[in-house]
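Subject: Structure handover

Hello,

Here is the structure I promised to pass on. My notes follow below it.

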Amino acid sequence: MSTVKTLILRAPGINRDEETALAFQQAGAETQLATINQVARAAFRFADYQVIVFPGGFAYGDDLGAGRVLASELNLKLRAEIEPFIAGGGLVLGVCNGFQTLVKAGTLPGPVSRGQTVTLTNNDSGRFECRWVYLTANPNSRCVFTRGIERIYVPVAHGEGKLVAPPEVIESLDVALYYTNAKGRKHAGYPHNPNGSLKDIAGITDSTGRIFGMMPHPEDHIRATHHPRWTRGEATAASLGLAIYKNAVEWVKSL
Amino acid sequence: MIDFDGDWAVCFKVETHNHPSAIEPYGGAATGVGGVVRDVMGTGLGAKPIANTDVFCFGPPDFDFNRLPPGVLHPRRVFKGVRAGVADYGNRLGIPTLNGAVCFDERYTANPLVFCGTVGLMPRDMSQQGRQKPGDRVVLVGGRTGRDGIHGVTFASEQLTRDSTELSFTSVQIGNAIVEKKVLDGLLKARDKKLFSRITDCGGGGLSSAVGEMAEETGVKVYLDKVPLKYAGLSYSEIWISESQERMLLAVPQVNVEELLQTFAEEGAEATVIGEFTDDKKLTLYYKDHSVCDLEMGFLHGGRPQMSLTASWQKPLHPEPQIAPAGDYNDTLLKILGSWNVCSKEWVIRQYDHEVQGASVLKPLVGQAEDGPGDAAIIKPVPTSRCGLVISNGINTRYGDIDPYWMAASAIDEALRQVIAAGGSLDKAALLDNFCWGSVKNEQSLGALVRASQACHDMSLAYGAPFISGKDSLNNEFEHEGQRISIPHTLLISAMAVMPDAAKAVSMDFKQAGNLIYVLGATFDELGGSEYYSHLGYIGSNPPQVRPEAARKLMNSISLATSHGLVRACHDLSEGGLGVALAEMAFAGGLGAEVSLDRMPTGEDINRDDVLLFSESNSRFLAEVEPGNQEEFENTLRGNAFAVIGKVTGSDTLKIKGLKGKLVISLPVKTLKEAWQKPLRW
């Protein structure tokens, strides 16, 4: 496929939509921003795109819990769009608020028919925190977005990012990204794991590897001067979050 | 507003929301952010907010509960509430909070100060204010109108008393960040489609002020019953003056009305036609077919008699203390690092999203562990442009206790030297002044205000940096048992500067053992109002002065050096002087240093180690330079006062030798950092 078309969904309170568009453009995709309302009245159709993104922010203020209202809208207003899109082999990315939305809608870890099985809840610190974290990819994950990645360095900016689920669900998750220290070691504790997520889980994928959600923000590290220590000469190409977007684009192109 | 890169323009506004934050810290601070963001949204034909700044002044967090005047919230509660309000509102709007300060003084206990700033970005061809035509519709966008915030501005200008909390509670507005985000998203779309001819925000005074201002040259008819309400039962006068939040006022040519309403509806924002502009130069208001107001615009705008006030000023008498020299200053340095004003504000900064919008270049926290105190923040707001925008601030109220002139001059110097330290220059630097004062009916207090203003005038010309915006908040007093407690004279200077290449940014953390450490700028015996004197219980009589000719020359030389990549780290010297700045560079870089005070360039004879260590003389910097660049750096700096005072070391200790060659500071970097981080590790 020559052009990769990405649809970035917006809802009241969503932010980082423009950075996400920039990241996808930098990775070689065409991007379109659309509100949930526009999709609901079919001004934009998922079928015309290969990648659907739920970006970060505070959809509807997160007043009923992060991503809660948007998740209901996804299941009620957009079901007829998203189900055939997923069944047809499309890619879905949820970052931060988008991850919270996908989890609360039951899209992740999926299948949707099982309903919500995982949640993202208040950080152990009890507060919103903005800090940079190392994410180490799980080489055994089916995830399309994290293929070939060893370790990236990206910021978190959330108050509800702790992934929690019953032990049997946790064991069955396809974990794509873990919070680790700079050397890739798990169980590094706070602040390496910034929210207390069980098993240091930062991002998960579904059984197809095509639906992927993560709490940190790869779109905030797409050039060297984003790196918090670039003035110390510590920015590296391998640590860029851009790899996530490049993987998505390359995967679609390879079809 | 100033030009950014030829295609884009940037604007900057700072507001205060003091009294609301005194009685309802969370709501007061949140609506403070909301208000200043709307100011920027209403600039030109609408700017996109790209950065927020926050400066707070509180009573000390360890203030004795038993001494708290009745009706006053404890500083710690005010601090936590204000922080939460600013973070919740700013984070939800998706605007990074990049720069700020937190200052503490007992006199702020009953009257805290909350400064909220916003930087906006817009296409240059949309940077001028629009002009409506008669027949254009008056469109109100955003939040619904309720009884909250009635007489908000009036309350903000009154003296606070023990009863303020109960009597004025309804004067505090109720914010909803998501409503504002929807308005913002719709607004930028409507702007780019050129659907409206003019825009302004509904701030203090609500519709009365927004409509009245916008229609000055035309005239206007407004149907107050068309204003969407939160609940029934408001009188037309309440609708007219309510300061309910998240509202913007637009002038919209009739042909565009439908598309405009649709554009906002798409974002879930409410927009309503409430009247039309006329050509009769009158303000006419209707409520359910009754005429309820009919005033000439001329009277409305020019009918108010000018106030006349008297000012005088006398320098207060604070003797210069006699202090016996100490053997070493280890304990003193640790105490100053741990003082409320100097200590790490990481607890606050981490709870703000400083990454959203993906533009950061120099973050508020920098260094090897990403927790050192950066001088200024830098963003690269236009991805296709190399240009960076530097944002900084200067504030120091203690100097004002001695002389408000030097306080204002110092604040300007501080804001500008942070710009310089971060790699910016004076070329495209602009300033903002926000005055918070006690009662100006008090002659002395007004005299102090005049002196501070004179310094702003003088320094602005001397540095070639224009004041592009400003604001004042007067009557910051609290009455208790017949006694008036006035806040200290407070002037916040905010600065922004455009740098041609954001990749030339310099952070303040030491980078490499073996590099040279330079002091740039001369030190004077100027300990008045310093952290050092304060820690010993003194004020003193000699505040730092500004010598703008030498300062400007030095700043220009440093800018040249940073633009040539000759400087590995640069930090400005401010509260706590050389001692604190060296410690901060060392622990931010995770490296030690060895320096000697006897090599420091001075502007007068100084024979005391404590003066050299802790004097807060303005226009001074510390710079780290690689030995290989020594010659080129020194050539670039030639003609200024500067000297190598030592070098960065791989050891874990900061060692400072005094004038007699004896170590006056010898402390592990870890210990210095712990002293600095401990107080606000909440």
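D88(B), Y89(B), R92(B) and L93(B) in α3(B) meet A177(B), I178(B), E180(B) and K181(B) in α6(B). Contact here means that C-beta atoms, placed from the backbone, lie within 7 Å. By class, this contact of α3(B) with α6(B) has four nonpolar, no polar and four charged residues. Nonpolar covers Ala, Val, Leu, Ile, Met, Phe, Trp, Tyr, Cys and Pro; charged covers Asp, Glu, Lys and Arg; the others, Gly among them, count as polar.

Before going on: this is a predicted model, in which local features need pLDDT of at least 70 and side-chain atom pairs count only at pLDDT 80 or more, while totals for chains, interfaces and linings use all residues. Residues are numbered from 1 along each chain as its sequence is written, and chains are lettered from A and ligands numbered from 1 in the order in which they are written.

**Helix pairs**

α3 (residues 75-93) and α6 (residues 177-192) of chain B pack at about 30 degrees, with axes 9 Å apart. Helices (H or I, at least four residues) and strands (E, at least two) are DSSP runs, numbered from the N terminus. Axes are lines fitted to C-alpha atoms, for helices over the stretch in contact, and angles run from 0 to 180 degrees between N-to-C directions. α3(B) and α6(B) are therefore roughly parallel to each other. The classes are: under 35 degrees roughly parallel, over 145 roughly antiparallel, 65 to 115 roughly perpendicular, the rest oblique. The crossing of α3(B) past α6(B) is right-handed. That term applies if the near helix is turned clockwise from the far one by less than a right angle, and left-handed if anticlockwise.

Helix α3 (residues 68-76) and helix α5 (residues 97-105) of chain A pack at about 55 degrees, axes 8 Å apart. That makes α3(A) oblique to α5(A). α3(A) also passes α5(A) in a right-handed crossing. On α3(A), the residues involved are R68(A), L70(A), A71(A), L74(A) and N75(A); on α5(A), they are T101(A), K104(A) and A105(A). The contact of α3(A) with α5(A) holds four nonpolar, two polar and two charged residues.

**The seven-stranded sheet**

In chain B, seven strands form an open sheet with mixed pairing, in the order β7-β9-β6-β10-β8-β11-β12. Strands pair if DSSP finds at least two bridges between them. β7 (198-201) and β12 (290-296) of chain B stand at the edges with a single partner strand each, so one side of each is left without a neighbour in the sheet. From one strand to the next, the twist averages 25 degrees. Within the sheet, β6 (residues 137-142) and β9 (residues 247-252) of chain B pair antiparallel over six bridges. There V138(B) stands opposite A251(B). Helix α7 (residues 206-214) of chain B packs on the sheet, touching β6, β7, β8 (220-223), β9 and β11 (282-287) of chain B. The direction of α7(B) makes about 150 degrees with that of β7(B).

Strand β25 (residues 592-596) runs parallel to β28 (residues 653-657) in chain B, joined by four bridges. A593(B) faces L654(B) across that pairing, standing opposite it. β28(B) is also joined to β29 (residues 663-668) of chain B, antiparallel, by five bridges. L654(B) stands opposite L667(B) there. The hairpin of β28(B) and β29(B) has five residues between the strands, and G661(B) takes a positive phi near 85 degrees.

β24 (residues 569-572) and β26 (residues 621-625) of chain B run antiparallel over four bridges. A569(B) stands opposite E624(B). A569(B) and H571(B) point one way from β24(B), C570(B) and D572(B) the other, and all are buried. Buried means 20 or more other C-beta atoms within 10 Å of the residue's own, exposed 12 or fewer, and partly exposed in between, with C-beta atoms placed from the backbone.

H354(B) sits in the loop between α12 (346-349) and β13 (360-362) of chain B. H354(B) is buried, with 25 other C-beta atoms within 10 Å. Not counting residues up to four places away in sequence, H354(B) touches residues including C130(A), P96(B) and K363(B). H354(B) and L98(B) are 256 residues apart in sequence, yet 5.7 Å apart C-alpha to C-alpha.

The contact between the chains takes 30 residues from chain A and 33 residues from chain B. On the chain A side, α1 (17-26), α2 (36-40), β6 (129-137) and β7 (151-158) each give two or more residues. β6(A) gives the most, with four residues. That side divides into 10 nonpolar, 11 polar and nine charged residues.

Best wishes

Note on methods:
Two residues are in contact if their C-beta atoms, placed from the backbone, lie within 7 Å.
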